[in-house]
Amino acid sequence: MKFVIVFVALFAVAFAAPATPDGDAQVVRFDSDVQPNGFNYAYETSNGIQEQASASLDNEGSENEAISVKGSYSFVADDGQTYTVTYIADENGFQPQGAHLPVAPEA
């Protein structure tokens, strides 16, 4: 049940962007596989947005049970550049990486 909630939440966030001139974009590819202890999905739109993610339930049945998600998304910004973010989201939080994202200085 947790995965269904997470899966629905991810799609709600992905599709909740305000209407823009890109509002006429069409979904050109959509793949989805939801299982009781994980999911995989990927989609692409006609305006260059792409997203994919996979999740698994780690330590299933234990008190340390946690969802681990790995994925990426990319989009074409107003400046014409394509920006890509890869991420891991697990018991350590959301950990994004991308060439355009700031990086904390080394300690």
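Colleague: What relative accessible area does Arg29 have, and which class follows from it?

Modeller: The relative accessible area of Arg29 is 33%. A residue is buried under 20%, exposed over 50% and partly exposed in between, using a 1.4 Å probe and protein chains only. Arg29 therefore counts as partly exposed.

Colleague: Which pLDDT do local features need in this predicted model?

Modeller: Residues are numbered from 1 along each chain as its sequence is written, and side-chain values use heavy atoms, with hydrogens and water left out. The model is predicted, so that totals for chains, interfaces and linings use all residues, side-chain atom pairs count only at pLDDT 80 or more, and local features need pLDDT of at least 70.

Colleague: Which residues are linked in a network of salt bridges?

Modeller: A salt bridge requires a side-chain nitrogen of Lys or Arg within 4 Å of a carboxyl oxygen of Asp or Glu, and the structure holds two. Arg29 meets Asp31 at 3.1 Å, N to O, and Asp31 is partly exposed with a relative accessible area of 39%. Arg29 also meets the side chain of Glu44 at 3.8 Å, N to O. The network is therefore that of Arg29, Asp31 and Glu44.

Colleague: How many residues apart are Glu44 and Arg29, the partners in a salt bridge of 3.8 Å?

Modeller: Glu44 is partly exposed, with a relative accessible area of 26%. The salt bridge between Glu44 and Arg29 links distant parts of the chain, with Glu44 in strand 2 and Arg29 in strand 1, and their separation is 15 residues.

Colleague: How is the ring pair of Tyr73 and Tyr87 classed: stacked, edge-to-face or tilted?

Modeller: Rings of Phe, Tyr and Trp (its six-membered ring) pair if their centres lie within 6.5 Å; planes under 30 degrees apart count as stacked, over 60 as edge-to-face and the rest as tilted. By this rule there are four aromatic pairs. The rings of Tyr73 and Tyr87 have centres 6.3 Å apart and planes at 45°, so this pair is tilted.

Colleague: Which parts does the pair of Tyr73 and Tyr87 tie together?

Modeller: Tyr73 is partly exposed at a relative accessible area of 30%, whereas Tyr87 is buried at 8%. The two residues are 14 residues apart in sequence, so the pair ties together strand 4 (residues 66–76) and strand 5 (residues 82–90).

Colleague: What distance separates the C-alpha atoms of Ser72 and Tyr87?

Modeller: Ser72 lies in strand 4 and counts as buried because its relative accessibility is 18%. Ser72 and Tyr87 are 15 residues apart along the chain, and their C-alpha atoms are separated by 6.0 Å.

Colleague: Which residues form the negative surface patch?

Modeller: Patches are made of residues with over 30% relative accessible area and no salt bridge, where like charges are joined within 9 Å and nonpolar side chains (Val, Leu, Ile, Met, Phe, Trp, Tyr) within 5 Å. Asp24 is in the loop between helix 1 (2–15) and strand 1 (27–35), and counts as exposed because its relative accessibility is 66%. The negative patch consists of Asp22, Asp24, Asp78 and Asp79.

Key
Areas by Shrake-Rupley, 256 points an atom, 1.4 Å probe, with all protein chains shown as cover. Lys, Arg positive; Asp, Glu negative; His and termini not counted. Charge placed at Lys NZ, Arg CZ, Asp CG, Glu CD. Helix = DSSP H or I, 4+ residues; strand = E, 2+ residues; numbered from the N terminus.
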